[in-house]
Amino acid sequence: MKKNIFFASLLALIFASCTSMQDVYVNPDEVEKSSDIQKIERQLAFLDAELLEKSGERDFSKSDFNKKVKELSSLAEDALAVPEIQKIQQARLYSLEGIAGVLYGDKSAAADCLERAQKISKFDVKSIALAFRLGKINEPLTDSASAQDKALLLLEKAVDSYKKGDFADSAANFDSAFISLDPFYREAYGKIRDKAWELRNENSDSDLDLLTLKKITLSQMVKIAESQNSSLFFNWTAGKNLSEKDLFGKILAAGLLESKSLASAEKLTGQIPATRILAARFLWNVYISRKPGENPVKYSNLYKSRNTPSPVPDLDVNSPDFDAVLACVEREFLSLPDGINFKGEENISAVEFASSIKKIK
């Protein structure tokens, strides 16, 4: 009996010595017992996705975003101050705080968090993710990772591929990761995954940051047109590589943004939002500039001569852009979003416009 007690004590001593000399192995189930950690991971995922989705938009407030991220960092610090916190939970919290630091641009603080996390454990999946984001490692995935950890690291690769413009890889990695992850990850990153899928076949030489925008200005629309079809504007640029501002000036002066159906009194500038109606006008003008025999007002002439109502309910026959809209719909440059109306006042996304301009030969 005493021998059994002796050996049990010896094994306990050996085990304690081993854990003090090497990293603590992180059991994901133990980490997940902390409701604070679950809350921080969830909010961090949504903030990470928000930065990817909205950082290029003009109405995105980085100061408001940073405030939300720093509030999350404070939550992690509060959780770390709890006396009974376990080592494995400390490692996870330091890693999450470090990822938050990356999001608001403080890489020095993030690196400090990584060092603290790795002193406790190099096995924590979020520590590996943080090291990857800081460029400390080139490949986050390892053969020894658990299925859950592999899914989280695939998510990191998906985010990294999206930032680099490798949209096909990004979409594929998102899909693989979502299978094994908590549903909130799909909820958080779903729009980014869908955007990656939309962009997967776009020209790699185009302005990829521009193509991720949900809303674009007229000058951005013109720039996208040039990037997708470099021969479109040769008559006005002579093949010169112009800045966005100068290119817009050339195209505006050429009349490619004006209505051909009826003189337009509006004053257009490069900063005006590109709506579907303005996109249709531009697409139609570019098309007829390449087709000298095309009658630019043939649709309005036809419907007015027959006294026939417009086939598109939210577009009047007397609209200065009646011809442009009908031409774009008939040639499938643009679609009717609900199958009935054109919804001309809605903004056009960069991806939808890029797809449309490439149809003009």
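**A tour of ring contacts and a cavity**

Begin by selecting Arg276 and Phe342: Arg276 lies over the face of the Phe342 ring, at 4.5 Å from the ring centre. A charge sits over a ring when NZ of Lys or CZ of Arg is within 6 Å of the ring centre and within 35 degrees of the ring normal. The model is predicted, so local features need pLDDT of at least 70 and side-chain atom pairs count only at pLDDT 80 or more, while totals for chains, interfaces and linings use all residues. Residues are numbered from 1 along each chain as its sequence is written, and side-chain values use heavy atoms, leaving out hydrogens and water.

Next, select Lys70 and Tyr104. The charged end of Lys70 sits over the Tyr104 ring, 5.3 Å from its centre.

Turn now to the aromatic pairs, of which a search of the whole structure finds 10. Rings of Phe, Tyr and Trp (its six-membered ring) pair if their centres lie within 6.5 Å; planes under 30 degrees apart count as stacked, over 60 as edge-to-face and the rest as tilted. Select Tyr303 and Phe322: the ring centres are 5.4 Å apart and the planes stand at 75 degrees, so this pair is edge-to-face. Tyr303 belongs to helix H16 (residues 298-305) and Phe322 to helix H17 (residues 322-330), so the pair ties together parts 19 residues apart in sequence. Helices here are DSSP runs (H or I, at least four residues), numbered from the N terminus. Phe322 is buried, at a relative accessible area of 0%; buried means under 20%, exposed over 50% and partly exposed in between (1.4 Å probe, protein chains only).

Then select Trp284, Tyr287, Tyr299 and Phe333, which ring pairs link into a cluster.

On a 1 Å grid over the protein atoms alone, a cavity is a set of points where a 1.4 Å probe fits but cannot get out, and lining residues have an atom within 4 Å of a point. Among the lining residues are Glu41, Asp48, Lys126, Arg133 and Tyr185.

Finally, select Lys215, in the loop between helix H11 (208-211) and helix H12 (218-228). Lys215 is partly exposed, at 48% relative accessibility. The C-alpha atoms of Lys215 and Asn347 are separated by 6.0 Å, although these residues are 132 apart along the chain.

Terms used: Helices (H or I, at least four residues) and strands (E, at least two) are DSSP runs, numbered from the N terminus. On a 1 Å grid over the protein atoms alone, a cavity is a set of points where a 1.4 Å probe fits but cannot get out, and a pocket is an open set with protein on both sides within 12 Å along at least five of seven lines; lining residues have an atom within 4 Å of a point.
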